[in-house]
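Please look over the sequence and the model below. The report then takes up a few of its features in turn.

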Amino acid sequence: MSLAVQTSRLTGVSEMAIESDVLVIGGGLAGLSSAISAAREGADVRLVTYKQSTLRQASGLIDVLGYTPNGEGPLTDPYDAIPELPEEHPYRIVGEDTVRDAMSMFDAVVDTYRGGHTDTNALLPTYGGTVKPTARYPDGAAAGLASDDRDLLLVGFEAMPDFDAPHVAAHLEAAGVPFDVRGETIQFPGDLMDDAKVTRYAKLLENNGPVEVRGRERGARDALVERLNPLIENEQRIGLPAVLGDADAAGVRAALEAELGTEVFEVPATPPSLPGVRLEDRLFEALDEVGGNFESGNPVVSFDGQDRVETVYVDKQDARIPFSAEQYVLATGGLVGKGVESDREHVYEPIFDCHVAHSEDRYDWFDEDVFGDHPFAGFGVDPDPELRPLDGSGSPEFENLRAAGSVLGGYDFAAEKSGSGVSIATGYHAGRIAAQEAQ
Amino acid sequence: MASTPHVLVIGGGSTGIGIARDLAMRDLDVTLVEQGNLTHGTTGRMHGLLHSGGRYAVSDQASAKECIQENRVLRDIASHCVEMTGGMFVKRPEDTEEYFQKKLEGCRECDIPAEVISGEEARKREPHLAKDIDKAIAVPDGAIDPFRLVVANAASAEQHGARIETHSPVTDLLIEDGEVVGVEVEHKSGPGIRVHGTEGGTEEIRADYVVNASGAWAGQIGDMADVDIEVRPSKGVMTIMNIRQVDTVINRCRPKGDADIVVPHETTAILGTTDEEVEDPEDYPEEQWEVDLMIDTLKELVPMLDEARTIRSFWGVRPLYEPPDVGSEDPTDITRDFFLLDHEERDDLPGMTSIVGGKFTTYRLMAEKISDHVCEQFGIERECRTADEPLPGSEDFSVLRDYMEEFGLRSPIGRRSVERLGSRADEVLKTDDPNPVICECEGVTRAEVQDAIGQSGSDLNAVRIRTRASMGNCQGGMCVHRLASELHDTRVDGETFDEGVAREAWDELLQERWKGQRHALWGEQLSQAMLNYALHATTQNRDNDPADGEPVDFAAFDTGADQPGESGGADVAADGGERDGY
């Protein structure tokens, strides 16, 4: 990292700008993918992120494409469908080969995920009792594949209302899964508060931490095994809420499997999602391994520049810290991550005010049906083939700004089940081009 | 005629349910039928103001006097449904002094306690009031939960032997020899039982007398017997904010107009309202300008409303009525008084009376008057006891106990639960099993949800109105699937709700929550809507639930890298994976 003297137009004072080749704004899947991809190209990369990323709200599954925009699916092969997507879809913009290369990068970087052995989607049970198509899944979810025909036992905990195992089992049965599935509910050993956090369960299981069972102190994991054992009939796999360990999920799973004599898996979770947090942690480690820098906790609030972005300013305890780079990647998220915001009249991108197409009438922003074709789900910037956001007349807003992930428009990740794949593919693409341009 | 007259009441809003309770307490046989949930009509769609009478103190003093009288009664018999927030009529510089004085005098003439306070004092009480408010009149307005009130009335009516059938629209009036002798209802088949219903099919319910308390729908019932009941339904919008910007009811002190009231209600504040006549109480436009008008006008009183987050908007239809010879052009000129239409006197059709007009705060008084009228038909002289006997939940109850400790609940969840349940808190919350929070926004625990399911069966919208679950900021984003799980495998009145029943109720609640949010979709709430959509569609895949759709060919999907017969290996394929011919 080098420092250079810059003058901020806004503050009027000279400050030392923190410089890098590529500056990535946003620390979710898209930002991390683009920072890793830029660093792998040899660029000096810095990532700034404000809030906790939306990965903590995600299940931790990596979907590429489960349904077409017309609702066809579940798709067995996501890549097959890419050429048929609308032209403005991010996958069409970056192209099928880039999507494949990006997924290869993900596979190389995240060794705790599976599914890369095939193009074919997997089907995994959800906590809502359905199955969903996904391209990559954590090791810890692998034994739960719904396309695997071995019988399944699901076990939930009484104090965790997000995962009601008998209900999920009955729903999976109604979904026609090719195996027998039963659900049981037990009390987690010990006297945890009804609102104990998922990390509390995870740490107790990881450390086999002490809990009191019938007046005797026991290890939480040992006590859980004792409660699970009598429930098993002839099932070879058991699904539990996604609380099986924090840093060492594999260790917890292995220990449970050894003692139960069955495979064990986690059912992908609701927020706050440990699988999402584990993925986020793994990606930050990976960024660190390839030499990227990052800092979190403060928002980018403004910038200098006309045709090029010269400097962006991070608001840190009332001071404005300048960051300068040759190339910038905007990966601030969509409506959920606040990379796209709105008021009663407008939809806008808050940092650079990049053009976001939308109807003037906010009653055109949604469909009447809860799962209808919602225009708001597609709100975001429209990019050129290099992923540079375009203004209202179709020219790049800035020659050195690229966008990745949910800040892009033109697709409905929720309906398509394409959120992770688009973030990885566009992050990879934007980061790579930014690195090449910067050097 | 049977020795105990059987009275059939049409309409499960506040008026109908009040009548059912009153007549049941006077030992009559009562059956009440409601086309939807309790409060399905206007009652469930009001701003929750417990009138002091101040709003009518100038224009309609008879109503004002009734309001303050009933305000005092409800504080007594329905304490767990009422929050005495207090209210103010605030005067802006452009509002006239003359009207301010008239309001003050009017309040005094109607025995409504009224105190003039300075603008400074008003802002001390409500810091977010506009800086240029001149002064205000403080009055005993309050907030009342219409759902809780109606449910408590229904519980009381049932305790006194009444039969209550929800989801049972009247399809015809039974008329024999020129007299109304009952109704034909259709018991809708929805997910599982609906309250204590008989599912599916039609039923003829014969009665010695029929009371039409169907509010804005009264004309439609009248049509079944070829009598004209000229209800003039008038719609009004209410916009719900995510927090309580004010803790007292704020009224604008001017003659009449749209968008002149903010009512703090539970965790929210409700802005109201408009007054527009509509043709059909079931089908009328819900318009953007109405929502914008609420915010743009009421920000003159509370400026922070301009930037505040709204979580949804809803519309209600007032069952306004005026005798045909009055002929008001503007619905705001139609009286808020109620009318008892005895169809024997009026239309030569014995056996039925309709009650129309009126307002929520005086529901009990209206019920008393019509119950008197019904008793008169049978020569029965029995005292009305509804003003004296507290509703279930508002019986003698010490609020000083330490609920949090007693029920193992965190504050503020314990406090919120006890506020909702009142004296039923013991019976509902005492459980040896874990009692996790199901709805975090409103602090609703499993025990409270299970209690509501026990009362209302498998209709999650009925559970919602009883508990407020899914009515907070996230509008069910985090809890609708949990509510469906609470329903699954629960046994009520001999029926166990299976997965299909739970799924149908889940879908209904999702759609209902979406309906009102659509009017709040910008800013934070649009962000919330996208998060909810992502949770429900992406992580739960509820938009493509294979249980609802075409069978899935499971064998065509990845069976895992280490399964026998699978091509490829566990190693990561550097080229992005080989195509395996599926």
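Predicted model: local features only at pLDDT ≥ 70, side-chain atom pairs only at ≥ 80, totals over all residues.

Local features are reported only where pLDDT is at least 70. Totals for chains, interfaces and linings use all residues.

## Domains of chain A

Chain A is split into two parts: domain 1 (2–111 + 277–438) and domain 2 (127–267). Their C-alpha centres are 35 Å apart.

The two domains touch. Domain 1 of chain A puts 15 residues in contact with 8 residues of domain 2 of chain A. On the domain 1 side, 8 of the residues are nonpolar, 4 polar and 3 charged.

## A helix pair in chain A

Two packed helices are described by the angle between their axes and the distance between the axes. Take helix α1 (residues 29–40) of chain A and helix α9 (residues 274–289) of chain A. Their axes come within 9 Å and cross at roughly 20°. The angle is under 35 degrees, so α1(A) counts as roughly parallel to α9(A). The crossing of α1(A) and α9(A) is left-handed.

Which residues of α1(A) and α9(A) meet? From α1(A) come A:Leu32, A:Ala35, A:Ile36 and A:Ala39. From α9(A) come A:Leu283, A:Phe284, A:Ala286 and A:Leu287. The contact of α1(A) with α9(A) holds 8 nonpolar residues, no polar and no charged. An α-helix has 3.6 residues a turn, so residues three or four places apart point the same way. A:Leu32, A:Ala35, A:Ile36 and A:Ala39 all lie in α1(A).

## Where chain B touches chain A

How many residues of chain B are in contact with chain A? There are 66, and they contact 74 residues of chain A. The elements of chain B that give two or more residues to this side are α7 (288–298), β22 (437–439), α15 (480–487), α16 (499–517) and α17 (523–539). Of these, α17(B) gives the most, with 10 residues.

By class, the chain B side has 29 nonpolar, 21 polar and 16 charged residues.

## A buried helix in chain B

Is helix α13 (residues 446–456) of chain B largely enclosed or largely open? Of its 11 residues, 8 are buried, so the helix is largely enclosed by the rest of the structure. The buried residues are B:Arg446, B:Ala447, B:Glu448, B:Val449, B:Gln450, B:Ala452, B:Ile453 and B:Ser456.

B:Gly457 follows α13(B). The phi of B:Gly457 is positive, near 75°.

Methods. Residues numbered from 1 in each chain as written. Chains lettered and ligands numbered in written order. Contact = placed C-beta atoms within 7 Å. Helix = DSSP H or I, 4+ residues; strand = E, 2+ residues; numbered from the N terminus. Nonpolar A, V, L, I, M, F, W, Y, C, P; charged D, E, K, R; others polar. Axes fitted to C-alpha atoms, helices over the stretch in contact; angles between N-to-C directions. Parallel < 35°, antiparallel > 145°, perpendicular 65-115°, else oblique. Left-handed = near helix turned anticlockwise from the far one by under 90°. Buried ≥ 20, exposed ≤ 12 C-beta atoms within 10 Å, placed from the backbone. Domains from an automatic or database assignment.
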